[in-house]
Amino acid sequence: PAFEFNADGSYKGLLVEPAATNLIVNSASLADLTAEGTGIVSSSATTAPIDGGSTVKRVQGSAINDGAKISFTAASAGNHAGSFYARSRTGSAQNVKVGLSGNTGSTIELPSDGSWIRCSNYANLGAGARDIRILQVDTNIDIDVCLPQAEQGTIATSYIPTSGSTVTRVKDDITQTGAQSLIGQTEGTLYVEVDWRLAAGTLQWLLSANDGTGNNRFLIYKTSGDELRMFAAANGGELTNQGESSTAYSGIQKIAFAYADADFELYRNGSSISSDTVGSLAALATLTDIDLGQLFSAIYQANMWIRAVALYPTRLSDAECEALTTL
């Protein structure tokens, strides 16, 4: 996994991602990039972001929905994310949209200072030949584009360069085994701070203490129904599984899950958001493993930036949890 930083140099977090495949076969050279509508595609001497060596193309157009497109093959039906890096060449802000085989997303503003912006969108596509398009919203466009990516899922993961064939990046796998001395066995608190990125409709695991199975564990996760939840199980029996909608979350989120016998509480950004006073820990087996940003079986990676993690061997008080999670 990669520690990443914002454009201004400030710390963003540890990016924990699942495996992904860039379905664009010539993303580095843009050999397959063609004009869309009455758009014009030409060469550009601009240096690409990320790797500095990939090809950059200039895209011009004079009418709404002019632009450029590049093709890919969707192996199976389902959600696919498409992305380009783009920048304005004119010294003025320009507005674009990303389309996937006719499905266009929200307007994205390219800043007037010419800085690179990753523009992305996702759509539910059928299997077969598809394309990603970068389209102008205004009546004139003059931009640079590069580093296209098409992948299964609802968000654009880290760029994967390709040259002649699709390329797969392996998943991030962050696990500490033999960690029983670090985990509160009869009471405790899990804490995680993230820079939130919603993968809509997809499970995202943030932090878990477990015995290497799903039978005994405490965890903080985001459901496929887009809810942040605390979860506890002992000897295969569910003790608690509740929380709140996370669809409006953005930016930094500080989350704590405090637990003790018949005492479970979830905190976010300085407030308690869910509590449960039912569930005995009497049958809980010894917890030995810590998984960061994934399920114990190394799936459902968080697909967001994890900034800080802490495990406490005691159930922190309400006041302590509120202070710990205050932004």
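Mentor: We may begin with pairing: two strands pair if DSSP finds at least two bridges between them. The model is a predicted one.

Trainee: What makes strand 22 and strand 23 (residues 263-268) a pair?

Mentor: Six bridges link strand 22 to strand 23 in the antiparallel sense, and the definition asks for at least two, so the term applies. Within this pair, Phe 257 lies opposite Leu 266 of strand 23. The two strands form a hairpin with two residues between them, and Ala 262 in the turn has a positive phi of about 55°.

Trainee: Which strand is joined to strand 22 by nine bridges?

Mentor: That is strand 17 (residues 188-196), which runs antiparallel to strand 22. Gln 253 in strand 22 is the bridge partner of Val 194.

Trainee: Why is strand 22 (residues 251-260) called largely enclosed?

Mentor: Buried means under 20% relative accessible area. Eight of the ten residues of strand 22 are buried, so the rest of the structure largely encloses this strand.

Trainee: How do you know that strand 16 and strand 25 (residues 289-292) pair?

Mentor: Two bridges join them, and they run antiparallel. Gln 176 stands opposite Ile 290 in strand 25.

Trainee: What joins strand 19 to strand 18 (residues 204-210), and what joins strand 19 to strand 20 (residues 227-234)?

Mentor: Strand 18 and strand 19 run antiparallel and are joined by six bridges, with Asn 210 opposite Arg 217. Strand 19 and strand 20 also pair in the antiparallel sense, over six bridges, with Ile 220 opposite Met 230. Both pairs are hairpins: six residues lie between strand 18 and strand 19, and four between strand 19 and strand 20. Gly 212 has a positive phi of about 85° in the turn between strand 18 and strand 19, and Asp 226 has one of about 60° in the turn between strand 19 and strand 20.

Trainee: What makes both faces of strand 19 count as covered?

Mentor: On one side Arg 217, Leu 219 and Tyr 221 are buried, and on the other Phe 218, Ile 220 and Lys 222 are buried. Six of the six residues of strand 19 (residues 217-222) are thus buried.

Trainee: Which residues touch the most other members of the largest nonpolar core?

Mentor: Of its 33 residues, these are Leu 206, Phe 218, Phe 257 and Phe 264. A second, separate core has 25 residues, including Leu 23, Ile 70, Val 96 and Ile 132.

Trainee: Why is Glu 17 counted as buried?

Mentor: Its relative accessibility is 4%, and the cut-off for buried is under 20%. Glu 17 therefore counts as buried. Glu 17 is in the loop between strand 2 (11-16) and strand 3 (20-22).

Trainee: What does the side chain of Glu 17 reach at 2.7 Å?

Mentor: It reaches the backbone nitrogen of Ser 158. A polar contact requires N or O atoms within 3.5 Å, so this distance lies within the limit. Among the residues that Glu 17 touches are Arg 169, Lys 171 and Arg 197.

Note on methods:
Residues numbered from 1 in each chain as written. Predicted model: local features only at pLDDT ≥ 70, side-chain atom pairs only at ≥ 80, totals over all residues. Heavy atoms only, no water. Buried < 20%, exposed > 50% of the residue type's maximum accessible area, 1.4 Å probe, protein only. Core = buried A, V, L, I, M, F, W, Y, C linked by side-chain atoms within 4.5 Å. Polar contact = N/O pair within 3.5 Å; in protein donor to acceptor, adjacent residues only side chain to side chain. Contact = heavy atoms within 4.5 Å. Lists of a residue's contacts leave out its neighbours within four places in sequence.
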